[in-house]
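Subject: A structure for you to explore

Hi there,

Here is the structure I promised to send you. Have a look at it first, and then read on for what I found in it.

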Amino acid sequence: MLQHFDPNKDYGTPASLSEKQVTLEIDGVEISVPEGTSVMRAAALADINIPKLCATDNLEAFGSCRLCAVQIEGRRGTPASCTTPAEQGMKVSTQNEKLAKLRRNIMELYISDHPLDCLTCPTNGDCELQDMAGAVGLREVRYGFDGANHLDAPKDTSNPYFTFDASKCIVCSRCVRACEEVQGTFALTIDGRGFDSKVAAGQNESFLDSECVSCGACVQACPTATLSENSLIQMGQPEHSISTTCAYCGVGCSFKAEMKGDQLVRMVPDKAGDANHGHSCVKGRFAFGYATHKDRIRTPMIRDAIDQPWKEVSWEEAIGFAANRLKSIQYEYGRESIGGITSSRCTNEETYLVQKLIRAAFGNNNTDTCARVCHSPTGYGLKQTLGESAGTQTFDSVMKSDCVLVIGANPTDAHPVFGSLMRRRLRQGASLIVADPREIDILKTPHLGDSVHLPLRPGTNVALINALAHVVITEGLEDTDFIAKRCEPEAYAKWRAFIAESRNAPEAVEDVTGVPAESVRQAARTFANAPNASIYYGLGVTEHSQGSTMVMGIANLALATGNIGREGVGVNPLRGQNNVQGSCDMGSFPHELPGYQHVADPMVRSRFEKVWGVTLDDEPGLRIPNMFDAAIAGHFRGLYVQGEDIAQSDPNTQHVEAALRALDCLIVQDIFLNETAKFAHVLLPGSTFLEKNGTFTNAERRINRVRKVMPPLSGKEDWEVTVDLANALGYPMNYSHPSEIMDEIALLTPTFTGVNYEKLDKHGSLQWPCNNEFPIGSPIMHVESFPTLEGKGHFAVTEFVPTSERASRRFPLLLTTGRILSQYNVGAQTRRTENQVWHHEDKLEIHPHDAEERGINEGDWLGISSRAGQTVLRAHISKRMQPGVVYTTFHHPGSGANVITTDNSDWATNCPEYKVTAVQVEKVSQPSEWQKDFAANHQRQQKLLSEAGASSGE
Ligand code: SF4
Ligand code: SF4
Ligand code: SF4
Ligand code: FES
C-alpha cells in the first residue's frame with residue numbers, strides 16, 4: 001500500500017530507522033514498513049487508527065494503558081500494538097467485538113476516576129481521553145463514581161505558564177517520558193504504586209521548585225487536561241493556527257501560533273519543524289507576552305535634541321524629519337558621515353533592505369550588524385579555512401556523532417532545544433568533551449557516558465586548540481586520506497610543521513591554559529579516534545581578542561581529523577540570536593554585499609548596480625567601533641539603528657554613550673524604548689515577529705518562514721518603514737510584500753538563487769546553498785569539495801597570542817560572561833514576561849576559595865571593578881567556577897556587565913573581548929555609595945596618572 005506521511009499526525013510510536021522492510025497484513029490491508037516498526041505505527045501508516053492513550057510518536061512505547069490491544073493470527077491473547085513489532089507475514093485484527101469490549105472496559109475504569117466536567121474543561125474538544133471514550137463507544141460507567149478516586153487531588157499552579165491538575169491525571173506517564181526522552185531533564189517521576197501512583201515533580205516539590213525548566217514537553221505530551229497552558233485555561237480553545245518561527249535563539253524552532261481572532265492563545269511547537277521536531281524551550285513556548293506588553297512603542301516620536309521631551313508624530317512626519325536630518329548632515333559633512341546598523345533580530349528581508357538603504361540611498365558602505373559583537377570571527381575564520389561563513393551541519397547530524405566537542409558554548413541554556421537533542425545523543429553513548437572555564441550543565445546530563453571537562457582559563461582557547469591538534473599530529477592520529485584528497489598541500493605542510501613544535505604540546509601550555517596535559521591528550525585521542533566527531537562552539541570562542549584565530553583553529557582540527565562533509569561531524573557555530581546567520585548572509589558587514597560578496601569586486605558591484613540603479617562605493621565602510629570613534633572625533637554624525645540596543649549590548653558603555661551623545665541624528669527603530677533610545681532624535685516603532693512576514697535563517701543555514709499572525713501595533717512592518725525612509729531620501733524602493741524582497745535577494749545572491757516563498761511553503765524550510773546545483777538546499781556542506789579557489793580546505797597557522805587583558809595585582813580575577821535559559825540577551829523581551837520568576841537579577845558567580853579570601857557570603861553585595869569601569873552585583877558562591885575566574889550573565893540593564901568590559905577586540909573583526917575582563921571584587925555594604933566613591937577615586941587616579949605622563953590602567 002502507498003503510504004502518505006503527514007508530519008502533523010500522531011503515528012503512536014517513533015519511526016524505525018532500519019533499512020530492512022517487513023510486510024504484514026492489518027485488517028486485510030497489506031503494508032510494508034521498516035523492521036522494528038510497531039504494529040500500531042504500521043496500522044497508522046495504513047490509515048488504520050488503533051485507539052491509544054499512553055502512546056505518542058515522539059516517545060518510546062510504554063504499553064501501560066492497554067487500550068491499543070489487537071489480535072494477531074497464531075498468537076494468544078491481545079497484545080498491545082504499541083509495543084509489538086511488526087513482523088513479516090503477520091496478520092493483525094484491530095477491530096472485533098472482543099477488542100471493542102476490552103477497550104470499553106478499560107475506558108470505563110479510567111472515566112470512573114475522572115471528573116465529569118468536559119463542558120467546562122479547558123481542553124474540551126482537544127482531549128485525547130475524550131476522543132478515545134468516543135472512539136471505543138463508551139456509553140455508560142457501570143462502576144459509578146463513588147468508589148475510591150483522585151477527584152480531590154490538588155492543583156499545582158506554581159509554574160507561571162501551566163497548571164498541573166492532578167484530579168484529571170490518568171497516570172499514563174507520557175509527561176514523565178517526555179521530560180526524560182525529549183527534554184532530557186528527568187524532573188518528573190511516578191510516585192507510589194497501583195491506585196496510589198501519581199505524577200510528582202522532584203522530591204514531591206512544586207513544579208517551580210523542581211528541576212523543571214518549563215520547556216512544555218510534558219504539557220504537549222499530556223493526553224488530558226492535567227497539564228494545560230494557563231493561557232488556554234483563561235482564553236479557551238483557539239480558532240485557527242498559523243505556522244511561524246521563534247524569534248529568540250539561533251535554533252529557529254517552528255511553532256504553530258494558535259489564535260483566537262488576532263489574540264495569541266498559545267505557541268505550540270510544530271512537529272513538522274525541521275529544526276525542532278515538535279520540541280521547544282521556555283522562551284519560544286511561553287515567553288511571548290512581551291509582544292503585547294504595555295511598554296510597546298506604538299507611535300513614532302521625534303525631538304530636536306536628546307535633552308528635550310519626545311513628541312508623538314505621524315509616520316510621515318517622523319520619516320520626513322529623519323530623512324531631512326540625514327540629508328543635511330551629508331550636505332554639511334559629506335557622504336560618509338552617516339551609516340546604519342542592521343539587526344539579527346529582524347528578518348532577512350528587513351536586514352537586506354537596511355543594508356541596501358545604506359549602500360544605495362546613503363551612498364556609502366557604513367553598514368554593520370550586531371553580529372559584529374558576537375559571530376563576526378565565525379564569518380572570517382570559516383571563510384579563511386572552509387571557504388564559507390557558515391556551520392556545516394544540520395542539528396539532526398549530532399545524532400550520528402560519536403564524540404561531541406563543545407567549546408565556549410552552553411547549549412542547554414542558550415540553545416535549549418538543540419541542547420536536548422545533544423543530550424539524547426550523549427545518553428545513547430556518544431563521548432563528550434567540554435572546553436569551558438565553567439562546569440556547564442551539559443556535563444551533568446543524566447546517564448552521560450564518557451566525558452571530559454577541560455576547564456581552561458579565559459583567554460587561552462587558541463593555546464588549547466593548538467595543543468589538541470598537536471597531539472593529533474604528533475601521535476599520528478590525523479586522517480591522512482582526507483588531508484591528501486581534500487586539503488591544500490602547501491598550507492597543510494606549513495601548519496603541520498607549526499603545530500608539531502614542542503611549544504604547542506599540552507605539557508608546554510599547561511601553565512597557560514590551566515588544563516592538565518593528560519586531560520588534553522585524552523580528549524585529543526577520543527576526538528581523533530571517534531568514527532564521527534563534531535565540534536559545537538559559541539561566543540566563548542568568538543568574543544576574544546583571538547576569536548578569529550580560534551575559529552580557524554577549530555576548522556584546522558576538524559580538517560586534520562577528517563571530520564567534515566558527512567553526517568555526525570562538522571564545525572558548528574551555535575548562533576546566539578534568531579537571525580545572526582541571516583543578518584551576516586544578507587550583506588550587513590561593511591565589506592560584503594549579500595552572500596559574502598566583496599564590495600571591492602567590480603563584477604559583483606556591477607550586478608548589484610544594475611538591479612539597484614546606483615553606483616556603489618568600492619571601499620569597505622565603517623565597522624561599529626569605527627563608527628563610535630568617528631562620532632567622537634566629530635566626522636560621523638548620523639546613525640540608523642534597527643532592532644539593536646547598542647548602548648547596552650556593546651562593550652565599554654561609557655565610550656558608546658559618548659559616541660551616541662555626539663550624533664546629530666540617531667534614528668532608533670525598536671519595539672521598546674531601550675537604552676540607546678535615550679540618545680535618539682527619532683524613534684520609529686518596531687514590529688515583533690508576530691506582526692510581520694519574512695524569513696529567519698537559523699544556525700544550520702535553514703531558512704524558515706516567519707508569518708504574520710496579528711497586525712503590527714504601530715501599523716507598519718519594519719521593512720515598510722525602511723522602504724518609506726529610502727523613498728523620503730529620494731531613493732525609490734517599491735515592494736508590496738517581503739516575498740518580492742526575497743526574489744531580489746535570490747537574483748543577486750548565488751547561494752540563494754533557488755529560494756522563494758513558494759518553495760519555502762512547499763518544503764517547510766530550505767538550507768542554503770539553495771540554487772541550481774542544490775535545488776532543495778544543502779543539509780551538509782563541503783561533501784565533495786570546499787568553496788575555495790581550488791576546492792580544498794585550507795589549514796591556517798594559528799599562533800597563540802595572549803590577550804593583553806590579564807589578571808594582575810590590582811585586578812586579580814578574570815570575569816567571563818554568559819546566558820541563562822530563562823532570559824534572553826539584554827532581557828528586553830524576557831524581562832517583560834513571567835520568565836522573571838526564574839532570574840530577576842544578574843549575579844556574580846565566584847568560587848568558594850575566592851569568596852572566602854574576601855569574606856564574601858552568598859547574597860552579599862559585591863563591588864566589581866575593571867580597567868573600564870565598575871558595577872555592583874550580588875554574590876553567588878559556586879564551585880562551577882574555577883578559582884580565579886568569576887562569571888555573570890548580562891540580562892538586566894542595571895547590572896552593567898558591559899560597563900566593566902574593556903574595548904579590547906578580535907584582531908581580524910573587532911568583535912569585542914567580552915569573555916575576558918580582569919577585575920577585582922570586594923564586599924560592599926552600601927552598593928550605591930561604593931559606586932559613587934569608586935567613580936570619584938577612579939577619576940582622581942586617572943588625573944594623577946595623566947599628570948605623571950603614565951598610561952592609564954594598572
Ligand atoms: S516542562 Fe519540561 S522540564 Fe518541566 S517537567 Fe515538563 S517536560 Fe520536564
Ligand atoms: S499528567 Fe498527563 S501525561 Fe502525565 S501521567 Fe497524567 S495524564 Fe499522563
Ligand atoms: S530553542 Fe531557541 S528557537 Fe527554540 S524555542 Fe527556544 S528560544 Fe526559540
Ligand atoms: S497505547 Fe499501547 S498500551 Fe497504551
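Let me start with a question: is Tyr-492 buried or exposed? Tyr-492 is buried, because its relative accessible area is 12%, and the cut-off for buried is under 20%. Please keep in mind as you read that this is a predicted model.

**Aromatic pairs**

The model holds 16 aromatic pairs. One of them joins Tyr-492 and Trp-495, a tilted pair with 6.2 Å from centre to centre and 35° between the planes. Both residues belong to helix H15, which covers residues 489–499, and they sit three residues apart, about one turn of the helix. Trp-495 is buried too, with a relative accessibility of 0%.

Another pair is made by Phe-608 and Trp-612, and this one is edge-to-face: the centres are 5.0 Å apart and the planes make an angle of 75°. These two residues lie in helix H21 (residues 602–612), four residues apart, again about one turn of the helix. Phe-608 and Trp-612 are both buried.

Ring pairs can also join up into a group. Tyr-161, Phe-162, Phe-164, Phe-207, Phe-286 and Trp-838 are linked into a cluster in this way.

The charged end of Arg-303 sits over the ring of Trp-310, 4.0 Å from the ring centre. In a second case, Arg-832 lies over the face of Phe-672, at 3.8 Å from the centre of the ring.

**The two sides of H21**

Let's go back to H21 for a moment. Its buried residues are Val-604, Arg-605, Phe-608 and Trp-612. If you look down the axis of H21, these buried residues fall within an arc of 95°, so they line one face of the helix. What does the face turned away from the buried side carry? There you will find the exposed residues Pro-602, Met-603 and Lys-610.

**Around the ligands**

Ligand 1 is surrounded by residues that include Phe-162, Cys-179, Phe-207, Cys-212, Cys-215 and Cys-218. Phe-162 and Phe-207 are also members of the ring cluster described above. Helix H4 (174–183) and helix H5 (217–221) are the elements that give two or more residues to this shell. By class, the shell around ligand 1 has nine nonpolar residues, three polar ones and no charged ones.

Ligand 2 has 14 residues around it, and the closest are Cys-169, Cys-172, Ser-173, Cys-175 and Cys-222. Its shell is made up of 10 nonpolar, three polar and one charged residues.

Around ligand 3 you can look for Cys-246, Cys-249, Cys-253, Cys-281 and Lys-283, among others. The elements that contribute two or more residues here are helix H7 (282–286) and helix H12 (416–427). This shell has nine nonpolar, two polar and one charged residues.

An unreviewed UniProt entry places "domain: 4Fe-4S Mo/W bis-MGD-type" at residues 239–295. In the model, the end C-alpha atoms of that span lie 28 Å apart, and the span is 9% helix and 35% strand. The unreviewed entry also lists "domain: 4Fe-4S His(Cys)3-ligated-type" for residues 98–137. That span is 57% helix and 0% strand, with its end C-alpha atoms 13 Å apart.

**Some backbone details**

Most residues other than glycine have a negative phi, and most peptide bonds are trans. Here are some exceptions to look for. The peptide bond from Trp-768 to Pro-769 is cis, with omega near 0°. Pro-769 lies in the loop between strand E29 (765–767) and strand E30 (813–818).

His-277 has a positive phi, near 45°. You will find His-277 in the loop between strand E12 (263–269) and H7, and it is partly exposed, with a relative accessible area of 39%. Tyr-596 has a positive phi too, of about 60°. Tyr-596 is in the loop between strand E22 (592–593) and strand E23 (597–598), and it counts as buried at 7% relative accessibility.

His-847 is buried, with a relative accessible area of 15%. How far apart are His-847 and Met-881 in space? They are 5.4 Å apart, C-alpha to C-alpha, and 34 residues apart in sequence.

Enjoy exploring!

Best wishes

Technical notes. Residues numbered from 1 in each chain as written. Chains lettered and ligands numbered in written order. Predicted model: local features only at pLDDT ≥ 70, side-chain atom pairs only at ≥ 80, totals over all residues. Heavy atoms only, no water. Phe/Tyr/Trp six-rings, centres within 6.5 Å; stacked < 30°, edge-to-face > 60°. Buried < 20%, exposed > 50% of the residue type's maximum accessible area, 1.4 Å probe, protein only. Lys NZ or Arg CZ within 6 Å of the ring centre and 35° of its normal. Near = heavy atom within 4 Å. Nonpolar A, V, L, I, M, F, W, Y, C, P; charged D, E, K, R; others polar. UniProt positions renumbered as here; feature names shortened; annotations may be inferred. Arc of directions from axis to C-beta.
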